[in-house]
Amino acid sequence: MTMLLLLLILCMWTYWRTDSDDQNPYLITDYSRLHPVKVERVVEGHEEQQLVELLQDARERNLTISIAGQRHSQGGHTYYKDGIVIDMTSYNKVLEVNIDAKKMRVQAGATWAEVQRAINPYGLAVKNMQSQNIFTVGGSISVNAHGRELQQGSLIESVDSFHLLTADGQIRLVSRTENAELFPLVLGGYGLFGVILDVTLTLTDDEVYRLTTDQVQVEEYPSYFQKNVLGDPMMSMHLARISVQPGAGYFREMYALNYASDPTVSLDDYNHLDERERGVLPSKLLFNLNREFEWGRAWFWPLQQRYFESQDGKRLSRNNTMASASAFMEYHQPGENDLLQEYFIPVEAFPAFVQEMGEIVSQEQLDLLNITVRYVKHDEEAVLSYATQDMFGLVCLFHASLSEEEQGKFKDSMQQLIDVVLRYNGTYYLPYAGYATSEQFEQAYPRKNEFFAAKEKVDPNHLFMNYFMEQYGGNHP
């Protein structure tokens with residue numbers, strides 16, 4: 001009897017704890033869990049003709065289409081209420097690897113891990129991608145992602161061409177010379193111009209890197225970076241982290257990780273792909289302590305430093321460098337979540353911005369778990385380009401409540417940060433929750449009217465729809 005009572009109490013507690021829309025299995029949402037909604041249906045993509053017929057059915061029934069990969073975008077880019085969601089993760093074949101031309105063609109639902117498995121045996125690697133390999137190719141180019149690569153800029157530089165299924169049911173080859181007007185719109189277009197079916201990527205040689213680590217102060221970082229990273233012709237990748245640990249080092253101390261090409265060793269000794277993340281459980285435990293407790297955060301930064309120092313001198317292949325760990329950060333607790341925001345700041349403005357950012361984070365009592373810094377070189381090919389000059393991208397992981405009241409406060413704080421970003425002639429990244437005002441969006445992305453005018457021309461009935469379009473695209477049917 002006692003056991004039954006305990007079981008009943010446990011069931012009631014679990015029901016109470018998970019009785020929220022972000023945990024509702026009958027609603028769809030993305031990684032943020034901010035906008036759970038009911039959709040008409042989710043359809044797995046399998047072949048071209050099936051997708052053509054699906055678009056025709058949606059047009060006839062006056063339904064919208066959204067395109068989803070891993071759904072790690074956090075601003076409702078991959079779904080829309082009462083619409084059809086195309087899950088492209090099953091549309092994932094590697095179609096061709098051209099070793100001599102250093103190109104490959106892959107369906108849009110393939111992950112970068114699948115890409116790496118296909119090209120690693122040939123001594124090839126991707127030119128650029130996100131800092132984890134768990135995302136889909138189509139999703140990455142739809143947000144025009146960037147990574148830690150120093151010379152390749154954003155992902156648009158690696159794309160040779162792609163096939164696009166547009167709202168009229170036609171399949172078009174899009175490149176810089178064919179249907180060229182669509183190229184800078186679709187890349188960084190968040191699925192609003194059609195279904196990306198397959199992508200031809202340009203590749204590069206795999207190689208061995210030697211990792212070195214340095215401690216540096218925020219005010220010294222731009223000069224350190226120019227001299228020791230960009231100034232070293234052997235340097236290929238770089239990232240840094242800023243301390244958010246309470247105390248003297250708060251928003252002052254940094255740790256830099258540099259990956260320099262090492263031609264003194266054989267690639268054959270280092271090119272075995274790491275297929276499994278190591279140490280997930282202890283890493284997850286430590287990161288959860290950082291998330292939940294002030295004392296955990298005080299421990300986390302020095303532990304990171306010790307780990308970085310232990311990695312100094314380590315050698316690894318380009319493909320393995322690009323496949324960094326991510327599982328330890330997964331978080332699924334009801335009613336709260338870890339939410340990403342990213343700010344792009346001109347190199348010379350970095351120290352002043354970081355100081356002001358630290359003041360706002362402290363004043364607003366924001367729960368900021370981690371800041372990773374990456375370099376993004378100037379690239380304005382995409383209409384919604386974020387790298388309007390050479391910039392540092394600050395990837396910020398906040399922990400926040402998902403309640404309406406707390407999200408209102410969080411939104412106000414994010415808008416304060418964006419105001420500072422804009423004052424330093426910076427921009428912010430669009431794949432994450434859209435906390436910016438329409439005025440802030442227009443200031444950060446001055447070609448937004450061109451983008452949405454093209455949307456009206458290519459898809460006048462708004463067959464392709466998501467919450468990014470609803471928030472910033474103005475009036476729509």
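Me: Tyr 250, buried or exposed, or in between?
Reply: In this predicted model, Tyr 250 is partly exposed, with a relative accessible area of 22%.

Me: And Phe 251, buried or exposed?
Reply: Phe 251 counts as buried, at 6% relative accessibility. The cut-off for buried is under 20%.

Me: What kind of aromatic pair do Tyr 250 and Phe 251 form?
Reply: An edge-to-face one: the centres of Tyr 250 and Phe 251 are 4.7 Å apart, with 70 degrees between the planes.

Me: How many aromatic pairs does the count come to?
Reply: The count comes to 31 aromatic pairs. One of them is Tyr 190 with Phe 468, which is tilted, at 5.2 Å centre to centre and 40 degrees between the planes.

Me: Where in the chain are Tyr 190 and Phe 468?
Reply: In distant parts, 278 residues apart. Tyr 190 is in the loop between helix H5 (183-186) and strand E9 (195-205), while Phe 468 is in helix H14 (residues 467-472).

Me: Is Tyr 190 buried or exposed? What about Phe 468, buried or exposed?
Reply: Tyr 190 is buried, with a relative accessible area of 4%. Phe 468 is buried too, at 3%.

Me: Which cluster do ring pairs link Tyr 190 and Phe 468 into?
Reply: A cluster that also includes Phe 193, Tyr 428, Phe 441, Tyr 445, Phe 451, Phe 452 and Tyr 472.

Me: Switching topic. Where is Thr 29 found?
Reply: In the loop between helix H1 (2-17) and strand E1 (41-44). Thr 29 is buried, with a relative accessible area of 15%.

Me: What does Thr 29 touch, beyond residues up to four places away in sequence?
Reply: Leu 34, His 35, Pro 36, Arg 71 and Tyr 79.

Me: How many residues apart are Thr 29 and Tyr 80 in sequence?
Reply: Thr 29 and Tyr 80 are 51 residues apart in sequence, and 9.2 Å apart in space, C-alpha to C-alpha.

Notes:
Residues are numbered from 1 along each chain as its sequence is written. This is a predicted model: local features need pLDDT of at least 70, side-chain atom pairs count only at pLDDT 80 or more; totals for chains, interfaces and linings use all residues. Side-chain values use heavy atoms; hydrogens and water are left out. Rings of Phe, Tyr and Trp (its six-membered ring) pair if their centres lie within 6.5 Å; planes under 30 degrees apart count as stacked, over 60 as edge-to-face and the rest as tilted. Helices (H or I, at least four residues) and strands (E, at least two) are DSSP runs, numbered from the N terminus. Buried means under 20% relative accessible area, exposed over 50%, partly exposed in between (1.4 Å probe, protein chains only). Contact means heavy atoms within 4.5 Å.
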